Amino acid sequence: MGRFGLLPLLVLPAVAVNLLTFLWPMLNLAGLSFREGMPGGGIGTDFTMATWRDLLADEFYLEILLRSVGVSLTITGFALLAGYPLAFFVHRSDARWRNLLVVACISPLLISAVVRTYGWLVILGDRGFAPSLLRGIGIDPPRLVFNMTGVIIGLVEILMPYMILSLLAGFGKLNQTLEEAAASLGAPPLTVFWRIVLPLTLPGILLGCLLTFVLTISSFITPKLLGGGRVLLLATEIYDNAIVTLNWPLAAALSLIALGVFGAAMVVYGRIARAAERAIA
Amino acid sequence: MTISRRHLTQGTLGGLLAMPFIRPAFAQERTITLAAYGGIFQENYQAVVVDPFMRAHPGIKVTYFAMPNSAQTLGTIRAQKAAPQLDVAMFDITIGKAATDEGLLDPLTPAEFPVLADLAPSAFAPGVNSVGVTFDSLSLLYSPETVKPAPTSWRVLWDPAYSGKIAITAAPDIVGIGMTLVANRLFGGTDYKDFSRGVQALADLSPHVLSWDPKPDAYTFITNGTAQLGVGWNARGQLYSRQSAGKLGAALPEEGSLFQINTLGLVKGAPQSEAAKAFIAYALSPVAQAAFAERMFYAPVNTKAQVSAEALSATAASPERMGKMLAVDWLEVAKFRNQLNEQWRRRILTRS
């Protein structure tokens, strides 16, 4: 048993479950991407590179990949900008209220994303609250829904609770005495934030960004409902190919690309997190 | 071992509990499973075709398995190829062709189905084992409250007055595919296989379209005031317009439209093949065909079906409209469907 005692034995069930429910389907998916998709949804039986060759040679899918990553980064950025002050306020609020505020921040998760998306359809729609408000203050409202704007607004709101939770989890190192010390040495508030608060909360920021990014790039219901069929992303393409046109090999290949994006996000996260830790230490 | 009172009680109770499951086996009741469209289609098909069939055949129970679209029905049959659970499946004719090519459907022979002789020739397609059961056509949906006078031409979609008020379901949905072919003829195309003019016309329309993916559908978008114009299926459009109290209208434009064919297929290796055949024969019979046309304005495939003039005038099957219909061979469309879908994604949807 060596140094770890019974530990490997205890991990075994979890490893077995993961192998069976994650790795095995993934391998199947990989296998499927080397078949040929026939018109009408048939799947060829011979090994072929055709699906991958067409996919990689087609600029359309490169565009979709870049658009998906770009949109996800934008949404992550907005979720951070909107979530950070909230999380900070909750963290600094009186202990009596803090739990209540945390619950209030994450309570949107109690309602399904589909329902919240429909809510946004009502709010952003032509005769909804947001355009009426804009008209009221004399601004001709741009189209807020059934396009990229709608998708970004909807996803930022839907994913904010995850961002806030991650930020709160990472705020543990924050210590008000450090800020007071900096201020007493003559640092203006902005410098205190930039030099003290931000570096100390960086682990939470990174975790929140990773989580939000991964959730954005894999969400397809909200982009489908709020995008009006115009916002073509990696996840919506996978859905359409798997469910509507029944081109399973192409859907499998696109899924593996999405998996690759997740892997890349993890690597980037790991690098930045390590660099940040070294910088703080 | 001795049988105690406790054992006896347990046995009796167990038997009683199991009764509901034992009874059907004794009664020799056969259950067939029909996979067809859900929602309002299911509601009406169940009422005027499935229920009367069960009353006429007390030994057969039909379970209606609702499907959101033809492609998913095909996916289900394909997944169950080794051990089919479905007996009868309804899908559009191109999916019927794909299912036949994959060996998922048994042929329906005139010997077993005398009713086939009464069906319109367009109910059949070479190399397709499923047989037409309803005809439907594309129609122009509008909001009678805001679109005045009632539109008579597809061209109203390109009227700048309705910019940002249009809802159409894009390709790969068959509404989007069909609309491309209608627009192609409208803008001077002479052969639907060369659909470039249709693609160009819809690309020009794209910035004025509110949503290419109305959820749950275009009918709802117009009924609740989100959109004012749209494209949908005539049967549903006619039915909803009668239920919507003036919120939705369905027009059959003067330039004509195109037919779409829903077919019924007998699943190969179906668990209850004989009962399934009885159901298909009934669904194609003049009685069932007329009942469904009266109820939901699907044009009948059975030429002997007696449909009232009123119901017929709400379908594209009236004699004066038939001549204007764009003759489309859906099996030809299936060949270029992927290519058309790519054009949609590259040239229409991404343009705004």
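The model is predicted; local features need pLDDT of at least 70 and side-chain atom pairs count only at pLDDT 80 or more, whereas totals for chains, interfaces and linings use all residues. Residues are numbered from 1 along each chain as its sequence is written, and chains are lettered from A in the order in which they are written.

In an unreviewed entry, UniProt lists residues 65–269 of chain A as "domain: ABC transmembrane type-1"; such annotations may be inferred rather than shown by experiment. The span is 79% helix and 0% strand, and its end C-alpha atoms lie 19 Å apart. Helices (H or I, at least four residues) and strands (E, at least two) are DSSP runs, numbered from the N terminus.

Between the chains, 19 residues of chain A are in contact with 27 residues of chain B (C-beta atoms, placed from the backbone, within 7 Å). On the chain B side, at least two residues each come from helix H3 (70–79), helix H4 (93–101), strand S7 (209–211) and helix H13 (330–348). H13(B) supplies the largest share, 6 residues. This side has 10 nonpolar, 10 polar and 7 charged residues (Ala, Val, Leu, Ile, Met, Phe, Trp, Tyr, Cys and Pro count as nonpolar, Asp, Glu, Lys and Arg as charged, and the others, Gly among them, as polar).

Within chain B, the axes of helix H5 (residues 174–186) and helix H6 (residues 196–205) come within 7 Å and cross at roughly 100 degrees. Axes are lines fitted to C-alpha atoms over the stretch in contact, with angles from 0 to 180 degrees between N-to-C directions. H5(B) is therefore roughly perpendicular to H6(B) (65 to 115 degrees). Residues making the contact include Leu181(B) of H5(B) and Arg197(B) of H6(B). By class, this contact has 6 nonpolar, 3 polar and 1 charged residues.

Conventions: Two residues are in contact if their C-beta atoms, placed from the backbone, lie within 7 Å. Angles under 35 degrees count as roughly parallel, over 145 as roughly antiparallel, 65 to 115 as roughly perpendicular and the rest as oblique.
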